[in-house]
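The sequence and structure come first, and the description follows.

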Amino acid sequence: MANRHSHRHQNRVAASQCGPTMYRLECGWHRRWSPTARAQCHLPTTTVGNHRCNVISTPKAQCTVDNYGVRKPYMDVIDVSWGDPHGGGVKPLTFVRQVLAACIYPELVESDKLPVEVKQRAQSLLSACDGGSVGSYTPTGGISYIQCSVSNFISRRDGGVPSSPENIFMTSGSQRSLMLVLKLLVHNQASLPTGVLTAVPTYSSFKMMLQRLGAAVVPYYLDEEQGWAMEVEELRRALQASKGVCNTVALYVINPGNPTGHVQSRKCIEKVIRFAAEERLFIMADEVYQESVFGKGSEFVSYKKVLSEMGPPLSHTVELASFHSASKGFMGECGLRGGYVELVNLDPAVMKYAYTIFSTDICAPVTGQLALELMANPPRPGDPSYPVYAQETQSIRAMLVHNMNWVPEFLNNIPGISCQPMMGGAFVFPRLYLPQAAIEKAKVVGMQPDLWYCTRLLEEAGVCVGPGCEYGQKEGTHHIRLCVMTPVETMEEVLKRLKNFHLHFLKEFS
Amino acid sequence: MSASRIGQMLSSKSLRVITRENYRFFGNGAQYPAGHLTSGVRSVMIPSPLSPFSSQSRALSGVSEPPRGLVQEKMTENAVFSQNKVLTIDTMNPNVKNVEYAVRGPIVQRAVQIEKELREGVKKPFTEVIKANIGDAHAMGQQPITFFRQVLALCSYPELLKDNMFPEDAKSRARRILQACGGSSLGAYSASQGIDCVRQDVARYIERRDGGVPCDPDNVYLTSGASDGIVTMLKLLVCGEGASKTGVMISIPQYPLYSAALAELGAVQVNYYLNEEKCWSMDLSELERSLAEARKHCNPKVLCIINPGNPTGQVQSRQCIEDVIRFAAKEHLFLMADEVYQDNVYAEGCQFHSFKKVLFELGPQYSNTVELVSFHSTSKCYMGECGFRGGYMEVINMDPEVKAQLIKLVSVRLCPAVPGQALMDLVVNSPQPGEPSYTTFMKERTATLSLLAEKAKLTEEILNTVPGITCNPVQGAMYSFPNISLPQKAIKEAKALGQAPDMFYCMKMLEETGICLVPGSGFGQKDGTYHFRMTILPPTDKLKLLLAKVKEFHQKFTRQYS
């Protein structure tokens, strides 16, 4: 494999590498789809894994030749199918990486290579690690110093609602927390499977988790016409339909939405909580995109805050697990694998088993825990590191705000595509109106229409997006998912290619 | 699939993930296409699509009174007790109740409490808690390998590459790792199986270690510590109900990760006992006994071995490994070899032999058929880097369809922590002669390992001077697992408290001396025998002090209860 490197467009992969890229498995479709794709692309099938480093910097050339000599009408493949900010070219925050480096190699604390403030932070973190080393195991829930930081962070975020450090469990990414909480909830020896109310569309790996545990997905549909809003009537319908089929015990909510980009209002959250209380459901609130809310008039309000403000009895009874992560937001540190769950109102007897089940992982990677600490306690105005930090986060914010407004607008101007306004999160989920002939064709090939569309988009335009069928959608509708946490220049290229491809596609089938 | 594979123990048909293929999705079943799958991964990749009115809907129409309603009624009655919770001890996944994880169990939790009390100024007969309960080398003061930390710091903050504070080989390793990361950042997700170039380096390391036995990087999966790999493999292997339920053979004593995972998966734990009289060796006759016994009530499919042993510290001879492999081949068992202590061999005449190497030396009859997975990690050996959660597993002779399932299983957790992967890479690709960091690296490595060897010997010797304690030689790994004789009166008192006698003993020791050990009952032991596990990791001075305190406590305890 070639070793051409560039740091400019990190989510671009040389056309000849697109097979392996497809094997980066955030969601099932890459996996399912790639054997076909590779066969179609005549790409090498011996390598599986990450070849993102092999990048061609700009798509100047109109055409390239892959390893098998197949000519492609594009120079590189751009992958916006999943939320991997650094992989997509977003730079890590300097302060975060400086502290991390100093914790890993404490000689740096003694040196003059890093700002004093960074060294102090590192020192206090190191003294919270057993043996003063990030190489030690930590307690099950995480380093207690960091548990306290996270709990303070939550309290601050929620306007003073108390949070207890013992209720925080840090794990290797928030996905792991989700899995462990599900392990407590899913009763696989009962006569009926355990059901979990799950949005359609939803982040796909959650469904894989339920499947693995033998639980039932109880789908509720988000209202696309209302900007993907969550409606309690729909929740009620879904729950009713599940009766007799499974024992629905939990409600899974992603807010801000993935893949929809919707942000729930306080009023909506209140209604959902009331519904959960009435129907005796455990709420699992996936709030990993809480930092990325920039839509006009929208703000992030946590389920915990709303619950607490609803007062007793609800605030003392409704069971809630709220998830957050260092992978999203400004830090975007996916690779460090730092996530946490806060467990609220759990039966103390169950908490004991929660501890046991989290213990089986021994502990979360310390680097991920450090990332959470730095997320909870970023530099503040007045700190020497603040100006650089503010500038870096500001440029990420500007990129997101720009993309959030501009991308849906651009998509809406393409015939046959409609896109709801984006309020937060990292993804847009535009709807495709595919010609009947194309739908028929997809059936012949044996693929879902939007999956087939994505295959062709990748094949013909070198753009990798997620097909709606992977996330779930109303029958007869088709969508794609795109990550907008992507440098503007790259995003422009993506949309330009998508538009050309789409128009060509429409022509072909009309 | 080749004919020879048909009879493979772990076939896709016996997979739990597949037998449970009823991906219970009702409503819009059309979202789960199967038609586009290529033949190699046919139907195993995705559950069959359930249309809204397939088998599930029959259940829908057939039930007049939703059982959920029943549950609710009962809950309301119990409201006073359950405080109206959804998740209570009664509704919780019952398997979780059977999960015990002794190395993080009640003793350790109490130790944490005591530490807090000490900080708050509560008077105790000791001033600090000494944690000899867990194989956590850095926590006990072992210093990290300089080279590893330099490279990781460079990867974290690449600006440092411009600095002359770091040696050239550290810089070039860092550049190489960064180039293999998305966006040249440790903060990008990696492929679920792990970074390509790391897996290639692991494969080359295994080849060197095993004297040239080939290793395909495609068979290497990076994991979050070895535990992640072990649990993942067990998930793949466990299936069935009742008499067809998967049985997994584990040594007694064992590392509680195994029993915890099996309890959670609802698998049958099949015990085979190590022979304490023969320095915790593994006897073939005992394996045979245990297997025959298990076949009466479950379907034993897996044999787990920890070598060098945890908690028992024995190192298996080559002959013994050969016997085990032949046994596994004959009895059609999938081998899981936990080899995380492969550099921790101290006793003279002992040597680490990997299962893979021995398997290949037994010839194609075995090397082409016996299914084996071997685990390694960054947490033990001379590095002791537990906090990074680095590890890998190599899977040999696994059915290709099952491999596809394994990829799916590991993809749910996205990827192992990237710094851990980077560290794993450094462990398998350490400084070579001629490189600037080589001398320091070797010095540090050798010093750590010889210190551990010293402490292994010291522990065994001192423990054996205590009447009522007998300790086998600590040939390898990081623990001693001495046998302790407890007075009848103490056993009675423990039982009255509902405690295992050695738990009672260890708890008392913690309260009186501040020493935190794990009772043998947490690992399993022959009925009527009692043990504790103690790490050999504390610094020599502290270890001596600790051993003296153990001695004193044991004598006092014996006096008190006789």
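Helix α22 (residues 540-560) of chain B has 21 residues, and its first and last C-alpha atoms are 30 Å apart, close to the 30 Å expected at 1.5 Å a residue. The expected span is 1.5 Å times one less than the number of residues, and helices (H or I, at least four residues) and strands (E, at least two) are DSSP runs numbered from the N terminus. The model is predicted: local features need pLDDT of at least 70, side-chain atom pairs count only at pLDDT 80 or more, and totals for chains, interfaces and linings use all residues. Residues are numbered from 1 along each chain as its sequence is written, chains are lettered from A and ligands numbered from 1 in the order in which they are written, and side-chain values use heavy atoms, leaving out hydrogens and water.

In α22(B), the buried residues are Leu543(B), Leu546(B), Leu547(B), Val550(B), Phe553(B), His554(B) and Phe557(B). They lie on the same side of α22(B), because they cover an arc of only 130 degrees around the axis; the arc is that of the directions from the helix axis to the C-beta atoms. Asp541(B), Glu552(B) and Arg559(B), on the other side of α22(B), are exposed. Buried means under 20% relative accessible area, exposed over 50%, and partly exposed in between (1.4 Å probe, protein chains only).

Chain A contains 19 helices and 17 strands. Of its 510 residues, 71% count as buried. One of the helices of chain A, α6 (residues 144-157), has 14 residues that should span 20 Å at 1.5 Å a residue, and its end C-alpha atoms are 20 Å apart, which agrees. Its buried residues include Ile146(A), Val150(A), Phe153(A) and Ile154(A). The buried residues of α6(A) pack against several elements of chain A, among them α5 (116-127), β10 (320-325) and α14 (366-376). Just after α6(A), Gly159(A) takes a positive phi of about 65 degrees.

Between the chains, helix α3 (residues 94-104) of chain A packs with helix α8 (residues 146-156) of chain B at an angle of about 180 degrees, their axes 8 Å apart. The two helices α3(A) and α8(B) are therefore roughly antiparallel, a term for angles over 145 degrees. Axes are lines fitted to C-alpha atoms, for helices over the stretch in contact, with angles from 0 to 180 degrees between N-to-C directions. Residues in this contact (heavy atoms within 4.5 Å) include Arg97(A) and Leu100(A) of α3(A) and Arg149(B) and Leu152(B) of α8(B).

| Peptide bond | Omega |
|---|---|
| Asn258(A) to Pro259(A) | about 10 degrees |
| Asn307(B) to Pro308(B) | near -10 degrees |

Pro259(A) is in the loop between β8 (247-254) and α10 (266-279) of chain A. Pro308(B) is in the loop between β5 (299-306) and α14 (318-331) of chain B.

Pro308(B) is also one of the residues touched by Gly476(B), which lies in the loop between β9 (469-470) and β10 (479-480) of chain B. Gly476(B) counts as buried, at 0% relative accessibility. Its C-alpha atom is separated by 5.4 Å from that of Tyr346(B), 130 residues apart along the chain. Ala477(B), a residue other than glycine, has a positive phi near 60 degrees and is buried at a relative accessible area of 0%.

Methods:
Parallel < 35°, antiparallel > 145°, perpendicular 65-115°, else oblique. Lists of a residue's contacts leave out its neighbours within four places in sequence.
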